[in-house]
Amino acid sequence: MDMAALRNDFPTIRKGEGIYLDSACQSLRPDKVIKAMTEYYEEFPSCGGRSVHGMSSKVSLITDEARETAAGFFGTDDPDCYIFTKNCTEAINTVAKGFGLRKGDAVVTTDTEHNSNHVPWLLLSEESGVRRKYSRSKDNGEFDIESFKSIIGKDVRLVSVHHASNVTGCVVPIKEVAEIAHDAGAKVLIDGSQAAPHMKLDLKKADVDFYTMSMHKMLGPSGMGILYGKRECLDDLKPLTAGGGTVGLATYDSVDLAPIPDKFEAGLQNYSGIAGTKAALEYLADADMDEIRKHDRMLMRSIFKNTEDVKGLTIIGPDDPDKRCGIFSFNIRGLSPHDIAMMLDKTDNIMIRSGMHCAHPFFHSRGIEGSARASVYLYNEEKEIERFAAALEKLSDAFGIELYI
Ligand SMILES: Cc1ncc(COP(=O)(O)O)c(C=O)c1O
């Protein structure tokens with residue numbers, strides 16, 4: 001990757017807004033995405049799939065093209081299988097509410113889920129008696145396939161696990177998970193919000209039934225997500241919301257739901273977000289997902305190497321930097337995660353995240369109050385990692401362990 005040219009594509013980097021290490025929350029956006037979004041408002045700010053005038057036809061065309069781009073990008077061939085949602089959370093909820101789980105059916109997650117892939121199942125169990133089963137992670141947070149196998153049985157109708165953890169960055173072997181689940185007659189939903197930005201995906205080969213994504217973590221617009229599903233699985237799924245655009249014909253007494261994808265996209269859509277989604281996927285394809293993965297790994301190795309001498313540093317997750325999907329969660333003895341994040345921001349203009357990262361059960365069950373989290377992406381360079389590590393060292397020396405010895 002030509003780093004200088006690539007970094008120049010991002011307005012906040014051009015303007016020198018600081019070192020951005022919070023991409024697991026939201027990534028930065030390149031000019032191409034911003035331009036695609038403003039073009040919609042400036043040139044054809046109209047609805048898609050309804051009116052037949054020129055502006056509207058342009059919106060319909062861009063929407064179709066965005067679905068085609070997604071299908072190609074994720075290794076599949078049916079654009080109708082890509083539903084645009086508000087975010088990954090809405091995509092997961094669409095499956096949770098529409099899958100038809102009943103009392104006694106079991107859903108399998110892991111003990112390391114984001115609340116977006118935890119709370120919907122928790123509520124479902126309270127409301128309808130759906131049973132929940134957890135696959136336990138290893139002590140270092142890695143997915144444990146033996147624990148997973150041990151809880152799969154005929155009662156399990158759906159497995160819903162993350163592809164990469166937003167705390168440890170560990171990756172779950174989704175193809176193997178899908179094979180085991182399918183052998184037992186269960187369907188599989190993968191929360192891909194942390195993995196899709198960092199690796200080349202072939203959803204056809206992975207053979208998962210549903211896959212959900214956050215576009216704002218992969219250079220796309222805020223408030224955009226994708227729900228991918230196999231055609232037959234989406235056909236069987238009930239929509240989360242219903243109304244305009246989701247029906248073939250409605251009379252006073254009856255309704256024919258439209259075929260996919262329309263039956264899931266009720267009301268007018270976030271068309272500028274859809275245009276931005278298309279642009280983001282094109283940008284990532286040009287940058288090459290394999291190159292991005294290599295680059296992320298290089299940065300992770302650099303973080304591990306450069307922070308070796310930070311006193312009182314504890315790292316959450318495996319010691320092997322190659323096992324992390326661009327995520328480095330840590331604590332410094334004597335400092336709260338929020339203190340670390342605020343001081344890095346104020347003193348060195350380095351932006352990271354702090355807290356429980358919406359993975360409350362993970363932290364709660366391990367008795368950890370939270371962590372600081374630095375996360376990298378294609379636009380970060382090694383120089384920034386060195387500055388981050390030096391800033392941590394400074395913090396630790398000044399305010400960390402020594403106060404507490
Ligand atoms: C693993 C994981 N799942 C789900 C989500 C929720 O994504 P969204 O904000 O797009 O709903 C996040 C967001 O941080 C995440 O990290």
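Which residues does the domain assignment of the chain give to domain 1, and which to domain 2?

## Two domains

Domain 1 takes in 3–24 + 288–404, while domain 2 covers 32–286; these bounds come from an automatic or database domain assignment. Residues are numbered from 1 along each chain as its sequence is written. Please keep in mind that this is a predicted model, where local features need pLDDT of at least 70, side-chain atom pairs count only at pLDDT 80 or more, and totals for chains, interfaces and linings use all residues.

## Where the domains meet

The C-alpha centres of the two domains are 28 Å apart. Across the boundary, 24 residues of domain 1 are in contact with 24 residues of domain 2 (contact: C-beta atoms, placed from the backbone, within 7 Å). On the domain 1 side, helix H12 (289–306), strand S12 (327–332) and helix H14 (360–366) each supply at least two of the touching residues. Helices (H or I, at least four residues) and strands (E, at least two) are DSSP runs, numbered from the N terminus. H12 gives the most to this side, with 5 residues.

By class, this side of domain 1 has 12 nonpolar, 7 polar and 5 charged residues. Here Ala, Val, Leu, Ile, Met, Phe, Trp, Tyr, Cys and Pro count as nonpolar, Asp, Glu, Lys and Arg as charged, and the others, Gly among them, as polar.

## Ile 303 in helix H12

Let's look at one residue of H12, Ile 303. Ile 303 is buried, with 25 other C-beta atoms within 10 Å (buried: 20 or more such atoms within 10 Å; exposed: 12 or fewer; partly exposed: in between; C-beta atoms placed from the backbone). Beyond its neighbours within four places in sequence, Ile 303 contacts Phe 328, Ala 374, Ile 385 and Ala 389. Of these, Ile 385 is 82 residues away in sequence, yet 6.1 Å away in space, C-alpha to C-alpha.

## Helix H13, one side in and one side out

Which residues of H13 are buried? They are Pro 337, Ile 340, Ala 341 and Leu 344. These four lie on the same side of H13 because they cover an arc of only 95° around the axis, taken from the directions from the helix axis to the C-beta atoms. They pack against S12, strand S13 (350–351), strand S14 (353–355), strand S15 (371–375) and helix H15 (382–399).

The face turned away from the buried side carries the exposed residues His 338, Lys 346 and Thr 347. Just after H13, Asn 349 takes a positive phi of about 60°.

How values were computed: Two residues are in contact if their C-beta atoms, placed from the backbone, lie within 7 Å.
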